[in-house]
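Let us walk through this model one region at a time. Keep the structure open and follow along.

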Amino acid sequence: MAAHLSYGRVNLNVLREAVRRELREFLDKCAGSKAIVWDEYLTGPFGLIAQYSLLKEHEVEKMFTLKGSRLPPADVKNIIFFVRPRLELMDIIAENVLSEDRRSPARDFHILFVPRRSLLCEQRLKDQGVLGSFIHREEYSLDLIPFDGDLLSMESESAFKECYLENDQTSLYHAAKGLMTLQALYGTIPQIFGKGECARQVANMMIRMKREFTGSQNSIFPVFDTLLLLDRNVDLLTPLATQLTYEGLIDEIYGIQNSYVKLPPEKFAPKKQGESGKDLPTEAKKLQLNSAEELYAEIRDKNFNAVGSVLSKKAKIISAAFEERHNAKTVGEIKQFVSQLPHMQAARGSLANHTSIAELIKDITTSEDFFDKLTVEQEFMSGIDTDKVNNYIEDCIAQKHPLIKILRLVCLQSVCNSGLKQKVLDYYKREILQTYGYEHMLTLNNLEQAGLLRPQMGGRNNYPTIRKTLRLWMDDVNEQNPNDISYVYSGYAPLSVRLAQLLARPGWRSIEEVLKMLPGPHFEERQQLPAGLQKKRQQGENRVTLVFFLGGVTYAEIAALRFLSQMEDGGTEYVIATTKLMNGTSWIESLMEKPF
């Protein structure tokens, strides 16, 4: 059992166990010794549900990464390919199988498509003449992966691009399937609210799937009271801004992948006396980040400016605890001290790691460039000078700063101005293409299609009205002891989370006019509960709302929802689901066209 998945109101270990059971059943179908050939992208998500020990119990002896030409030698009976349904991967598999066939003894081949089987892929294998080589061709519906006690992700890296640029609804279908799985395990969700075109489609798919399974009504008492489906394009602004929570900054600077982060090793080397710099480790320090680590659970959602004081307080507590050993006189006292030692040493290691990470982040957040960029972002978000060419952005282009940084800022300005005046937009485009190359024309086109960088329609800027009505900008933000979600961006309250907050109280009817200004429809659906399963709330018992971000969510938004969950008078606890955990950089990258 993974303890960090069961601390909340919803025990996500139940989902993890269901997914693991399905994996074990498939492995047992392929009797005998096995080698797994991995589509590299899947190893991270799989690591969150099944460690190597589980695979080993089911006779997995070797694991390889999917690459062209011949497979490495392995004395096993079965070779299983774990892959996403991508045509280019089928070509590599065909190459592997054809080069293997000439070897003896004969092997049994199997293929597991994650999360869906694909007729196109099977046709490609057939065209390559290898389809008949596979004994089992099955699918493994890994739709929602539990990351933490209140967090689920599909880790579908191209979901936003598919939905908003390619008109491809595959990821929406997977989202609906994932929600059906959740309802099978945790009961029917009585109320569904949504905002956005994709949200509407997912709700429709769920209702249709429910109709198809009418006979199999599950009689589980509902754990969730409400589902809120939110399109990412309802709030394009939030991911573009720099996140200012501890976890958000780790992700902005180093990138968190499947709850792991890789950090520069020199900060983590134990310094010995008289040691020269040349013996320092060169391999990145890899750390897992989730609430299983007490200290991380405490600081991850804080504004970075509030982290230092927590770390120094912890340091004093830990050193005082170690000092206690001098006071242990009797055998009983010594025994008690020794029994606490492993926990204390783990706490000391954890403190050392997070102190090092905080120092690494501080080096960046105290730099002049970070401050200048943040100032410009905050001016845009509070409505200052959004309608003309920005000097700082001009200077950054002239100095050839990273293109993604420029694109994030220009898109932020565009969103905060409900589009840019045509001559401002043309100027930025021309400068970007002349400086970074004309191959980025397609990327600019994608950003425009996605609504991130566009001309102002009819000269109207709705953002000031949206900002005022939803209280998106707070001047007097308290970073140390926050009383509002705006602390996660030091002044800006994420629009998406404000919508969730207002839905809980006083309800969306109070903001009807603003909802119409945001893209896509807003709606409400009710799902009939089987007789006898209507929930009677105990006094003081919080409601549980599942917020599903279609197109990606940032760690700062997650922190803001956790903040709402912990509010004494909030009345609602939130569980977060998404197609992808992302930040502004990974999001823009997913929309960039790779130059040929």
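**Loops, domains and a cavity**

Pro506 sits in the loop between α20 (495-504) and α21 (512-517). Remember that this is a predicted model. The peptide bond leading from Arg505 into Pro506 is cis. Its omega is near 5°.

There is another cis peptide bond to find. It joins Val114 and Pro115, with omega about 0°. Pro115 belongs to the loop between β4 (108-113) and α5 (119-127).

Now step back to the domains. The protein chain is divided into domain 1 (3-142), domain 2 (156-213 + 220-231 + 523-531 + 542-589), domain 3 (246-262 + 281-366) and domain 4 (369-461). Domain 2 is written as four segments of the chain.

Take domain 1 and domain 2 as a pair. Their C-alpha centres lie 28 Å apart. On the domain 1 side, 12 residues are in contact with 16 residues of domain 2. Together the two domains bury about 1,200 Å² between them. Of that area, 58% is on carbon and sulfur atoms. Which residues of domain 1 lose the most area to domain 2? They are Arg9, Val10 and Arg116. Together these residues account for 49% of what the domain 1 side buries.

Charged pairs also span this boundary. Between domain 1 and domain 2 the count is 3 salt bridges. Elsewhere in the listing of charged pairs, look for Arg84 and Glu157. Their side chains meet in a salt bridge, at 2.8 Å from N to O.

Across the whole structure, a search finds 35 salt bridges.

How many cavities of 30 Å³ or more does a search of the whole structure find? The search finds 1. The largest cavity has a volume of about 80 Å³. Arg562 is one of its lining residues, along with Phe147, Asp148, Leu151, Glu247, Ile256, Ser259, Leu289, Asn290, Arg300, Tyr555 and Leu581.

What classes of residue make up this lining? There are 6 nonpolar, 2 polar and 4 charged residues. Two elements, β6 (145-148) and α22 (555-566), each supply at least two residues of the lining. Turn to the domains again. Domain 2 and domain 3 each give the lining at least three residues.

Finish with Ser259, one of the residues lining the largest cavity. Ser259 is found in the loop between β10 (256-257) and β11 (260-263). Its phi is positive, at about 65°, although Ser259 is not a glycine.

Notes. Residues are numbered from 1 along each chain as its sequence is written. This is a predicted model: local features need pLDDT of at least 70, side-chain atom pairs count only at pLDDT 80 or more; totals for chains, interfaces and linings use all residues. Side-chain values use heavy atoms; hydrogens and water are left out. On a 1 Å grid over the protein atoms alone, a cavity is a set of points where a 1.4 Å probe fits but cannot get out, and a pocket is an open set with protein on both sides within 12 Å along at least five of seven lines; lining residues have an atom within 4 Å of a point. Grid points are joined across faces, edges and corners, and a volume is the space filled by probe spheres set on the points. Helices (H or I, at least four residues) and strands (E, at least two) are DSSP runs, numbered from the N terminus. Ala, Val, Leu, Ile, Met, Phe, Trp, Tyr, Cys and Pro count as nonpolar, Asp, Glu, Lys and Arg as charged, and the others, Gly among them, as polar. Domain bounds come from an automatic or database domain assignment. Contact means heavy atoms within 4.5 Å. Buried area is the accessible area (1.4 Å probe) that two parts lose on being put together, summed over both. A salt bridge is a side-chain nitrogen of Lys or Arg within 4 Å of a carboxyl oxygen of Asp or Glu.
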